[in-house]
Amino acid sequence: MRKFLMPSLIIVGALLLLIRIFYLQVINDSFKLKSDNNAIKIKYDYPERGYIFDRYGKLLVSNQASYDIMVIPRELKNIDTLEFCQLLNITKEDFIEKLAKAKVYSPRLPSVFLPQLNKSEFAAFQEKLRKFEGFYFQKRSLRDYEVDFGANVFGGITQVNEQLIAKNPYYNSGDLIGTQGVEESYEEILRGIKGVKYFQKDKYNREIGSYKDGKYDTIAVQGEDINLTLDAELQKYGQQLMINKRGGIVAIEPKTGEILALVTAPSYDPSILVGRQRSKNYTLLYYDSIAKPLYDRGLLAEYPPGSPFKILTGLIGLQEGVVDEQTTFMCHHGFSYGRGRFMKCHSHLPSQQLNNGIYNSCNTYFANVYMRTINKYAKPSVAVDVWSNHVKSFGLGQFMGYDLPTGKRGNIPDSKTYKRIYPNGGWRSTTIISNSIGQGEVLMTPIQLANMMATVANEGYYYTPHIIKKIKGTAIDPKFKVKHQTTIDKKYFKPMISGLFDVYNLGTARALRVEGIDIAGKTGTAENFAKIGGKRVKLEDHSIFVAFAPKDNPKIAIAILVENGGYGAAIAGPIASLMIEKYLRKKITRTDLETKILNTSLKDRYAKLGGMKEASAIETTPKDSIGNKNGMTNFSPIDSIKQN
Amino acid sequence: MKNQSIKKNLDWTCILIYSALVIMGWLNIYSSSLSSIEDTYQKQLLFIILTIPLIFILLTIDGKFYEKYASIIFGVSLLSLAGLFLFGKTIAGQRCWYAIGGFTLQPSEFAKAATSLALAKFLSDSQINLKEVNRQIQALAIVFLPVLLILPQPDPGSALIYSIFIIVLYREGLPSWYVWTGFVAITLFVLTLVLQPQYVILLSLLVILIIHFKSRLGDRNIVLSSILFAIISGFVLSVSYVFQNVFKQHHRDRFNILLGKTVDLKGIGYNTNQSEIAIGSGGWLGRGFLEGTQTKGGFVPEQHTDYIFTTVGEEWGFAGSLVVIALFVSLFLRVIYLAERQKTKFSRVYGYCVAGILFTHFFVNIAMVVGVFPTIGVPLPFFSYGGSGLWGFTILLFIFLKMDANKVNEW
């Protein structure tokens with residue numbers, strides 16, 4: 001028996017090893033994956049990002065070469081530090097600090113020593129590069145802006161963050177990604193697809209040749225160029241008009257839903273966020289919490305729209321049959337409803353019908369229409385839902401589905417809203433009467449206002465607003481070709497439009513007419529409040545204007561919001577006229593209006609509202625430090641923006 | 001002619017397997033050395049070529065020589081081990097090499113053959129009966145003398161190999177309780193590290209109680225059972241104590257990694273993890289010769305020496321591993337078979353020692369590489385890079401093959 005112990009041990013031992021090896025090699029395949037991470041180095045070939053053009057094919061955004069100076073600390077030989085620093089225009093302290101940082105990251109892996117040098121900065125250095133062993137350069141492609149406007153529409157590109165890398169397997173650390181604007185919404189089209197090359201590497205991360213002779217390598221796919229629906233000239237002009245003001249302009253082509261201009265003010269030159277100054281300038285913009293240059297007011301500024309909302313109140317009244325064109329209400333400087341509550345109105349003739357109700361913007365008239373609409377139904381909750389559905393059929397109170405990454409829903413109340421506000425019930429038409437004139441619970445953004453005007457211009461339908469006109473190689477999203485019909489019959493738009501036309505003939509926009517162009521429009525004034533020193537203070541009204549033109553064959557619908565601009569006809573109205581003329585005629589005849597608006601500055605008003613903080617923040621921001629060309633266009637002289 | 005008869009009587013099966021293993025070993029060293037700047041595969045080729053004259057010398061020496069001079073060889077070997085403390089060269093903290101010219105020589109690789117010869121010589125005396133305690137002590141002394149010299153180098157790997165002599169001694173009549181004790185001790189050792197000592201003690205109490213009450217009434221001995229329990233408890237507690245207080249942190253780490261208690265893949269667990277990754281990436285058929293990404297990348301440390309089997313696993317897959325293991329097992333069983341048919345006790349014991357030593361190296365090395373044994377420096381016979389190892393194993397094996405070829409002449 002003693003003979004068998006050793007052979008048994010040998011056989012059992014060998015079998016145990018085989019089982020373990022079988023487990024490692026055949027059953028558990030996690031090791032196979034790990035080995036690939038271990039030994040294969042992946043190198044990416046980044047394709048050039050697609051160009052961005054305007055609706056007429058004018059180049060807006062292209063690319064420029066930029067150079068990162070890279071360092072592998074371990075390979076650093078004795079170099080002439082003084083010469084090196086002079087060439088790159090850095091101090092010796094910078095040099096030591098950057099090198100120490102790279103060493104902390106890894107002595108043998110490459111680190112970015114100095115990022116994003118432009119061509120001229122790099123040229124001098126490149127000649128001497130061979131003298132600096134351990135340093136090399138890496139070419140990158142950065143955005144090059146052909147224009148100094150449209151920053152909010154374009155967005156920018158930035159390095160991907162960790163969360164996104166975890167979520168989206170396409171991106172690796174250090175990759176660039178579009179952020180905000182069309183760079184974000186059309187990221188996948190603009191960026192193309194990066195190519196992949198696999199290299200065999202050793203444990204020091206050194207390449208030791210191509211992996212499997214490049215069997216798995218892929219070629220980069222070029223990013224596609226896109227055309228925006230933007231009219232570059234109109235966009236530029238809008239931004240010029242908004243200098244020294246805050247607010248937004250949205251212009252839409254009613255027949256297609258194409259966004260012709262999307263202006264927010266204050267804005268900035270997009271090129272200040274490229275290259276080495278990006279992080280410094282971005283920080284400046286980001287922390288300007290008062291002027292908020294990164295906040296796209298055209299898409300995000302939610303306010304009670306005020307008078308322009310009367311258009312919908314009137315249309316719904318007609319549709320519900322509670323009034324017709326001849327229905328007359330008497331107005332004596334206001335409308336009183338229940339227990340001494342009173343809605344003030346302006347001075348005009350007491351008897352009001354639809355037409356003069358619109359052009360006089362009579363609160364009494366529309367309060368009455370609204371009351372009739374709500375009182376038509378037995379229960380106010382039913383009535384409010386009917387009304388709410390009519391309003392929502394204009395695309396309001398919801399995300400519109402346009403192709404820009406930011407937005408606000410706005411708010412259109414319904415019975416649920418009031419159930420929440422008045423849990424015990426007891427509300428009726430008079431309780432919610434403010435809705436009739438676009439106050440109360442109603443909130444809209446400028447793009448929603450513009451879309452409302454486009455819908456009115458179309459007499460009852462709209463296309464979802466969009467910024468994309470053409471993608472090379474692919475079709476644009478078919479949802480932008482879908483006609484959205486409102487719940488208002490076409491016939492009710494005619495009297496409304498003639499009322500809006502009379503706003504220019506007889507009403508609040510008499511002074512804003514442009515000879516030869518029939519404009520239909522509506523002024524608006526949105527009240528707003530702020531907390532100053534813990535007290536709720538009523539601030540200067542926001543100036544609002546909506547319009548479309550020409551009246552009989554609408555080519556442009558526009559909404560303008562100027563924060564604290566006062567009456568609608570004061571600032572927003574003239575801007576609407578100028579924008580419309582600019583778009584339709586490509587030149588300006590109302591030079592008086594133009595001069596007035598260009599010279600209007602609300603800076604002092606904002607300084608007063610925002611306290612001293614903002615004013616000082618602006619003044620201590622010297623123009624030179626924030627980039628080239630114009631710097632922040634909001635505060636630069638008008639001439640400088642005209643250079644394009 | 002004498003030479004003719006040696007050629008005829010040599011066991012060519014063993015020589016064939018030996019040659020196959022050496023050649024395969026070299027191919028894998030070649031593959032793994034492509035990633036490093038050292039020309040290890042050239043050196044190893046030189047070592048392999050030098051084994052040819054070595055084998056000729058071994059086969060030329062008369063078979064009786066080894067039996068005659070076993071004690072002297074053993075003495076010289078012990079002296080060479082002791083000499084390390086004075087003249088040894090320290091490499092990676094281990095003082096177990098002599099530096100001669102550009103090469104280093106590891107006497108512990110030769111000490112195994114010497115110890116085997118000495119043990120065979122001692123047991124071949126027909127007067128020796130391993131049932132006697134005195135003889136047991138003498139036999140164990142032969143085995144543990146070299147261990148005492150090797151352990152403080154420190155080279156626990158080489159020292160560990162000597163435990164296989166217990167099995168050889170068992171074959172020659174050592175009482176079976178030695179083997180049982182060893183088996184129980186190893187089991188308790190592993191259990192203590194995996195579980196908490198108190199659970200192991202409880203478990204052993206349970207087992208002892210079951211044995212106690214299952215045995216026939218007359219065989220029950222409450223005193224014996226209690227002593228047994230006391231010894232086991234003492235052992236478990238001392239294992240736990242030694243592990244926590246005597247072992248150095250890096251020793252503990254090696255065990256803990258193995259037991260999955262600590263996971264530090266870049267640090268202490270790096271070797272084991274990388275070798276598992278390399279082997280695991282092989283799949284059924286491997287990545288192919290010179291195609292191993294892990295091997296080329298040089299991720300596995302010491303790949304050409306102790307971790308050479310990872311190259312086999314990665315580049316040749318499960319199929320290749322199976323072939324290598326099958327070759328080794330065939331060699332071991334063949335040597336045991338040859339040993340059993342020896343006419344003299346001397347050559348039988350020696351043959352057993354050869355099989356045992358080779359097997360222990362084989363088992364400990366591969367077990368370590370596949371992550372079921374703590375990291376310990378033991379080469380894979382005939383495969384691992386290194387002249388001392390290759391020559392040591394060659395000498396070990398061919399002395400036996402010479403004895404085996406001689407057996408006919410002895411009549």
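Me: Which helix does Phe493(A) lie in?
Reply: Phe493(A) is in helix α19 of chain A, residues 493–505. Helices are DSSP runs of H or I with at least four residues, strands are runs of E with at least two, and both are numbered from the N terminus. The model is predicted, so local features need pLDDT of at least 70 and side-chain atom pairs pLDDT 80 or more, while totals for chains, interfaces and linings use all residues. Residues are numbered from 1 along each chain as its sequence is written, and chains are lettered from A in the order in which they are written.
Me: Is Phe493(A) buried or exposed?
Reply: Buried, because 21 other C-beta atoms lie within 10 Å. The cut-offs are 20 or more for buried and 12 or fewer for exposed, with partly exposed in between, and C-beta atoms are placed from the backbone.
Me: What does Phe493(A) touch?
Reply: Leaving out residues up to four places away in sequence, Phe493(A) touches Val456(A), Glu459(A) and Gly460(A). Contact means C-beta atoms, placed from the backbone, within 7 Å. Glu459(A) is 34 residues from Phe493(A) along the chain, and their C-alpha atoms are separated by 5.4 Å.
Me: Now chain B. How many helices and strands are there?
Reply: Chain B has 17 helices and three strands.
Me: And what share of chain B is buried?
Reply: 44% of its 411 residues count as buried.
Me: What about contacts in chain B?
Reply: Taking contacts between residues at least 6 apart in sequence, 69% join residues at least 24 apart.

Note on methods:
Two residues are in contact if their C-beta atoms, placed from the backbone, lie within 7 Å.
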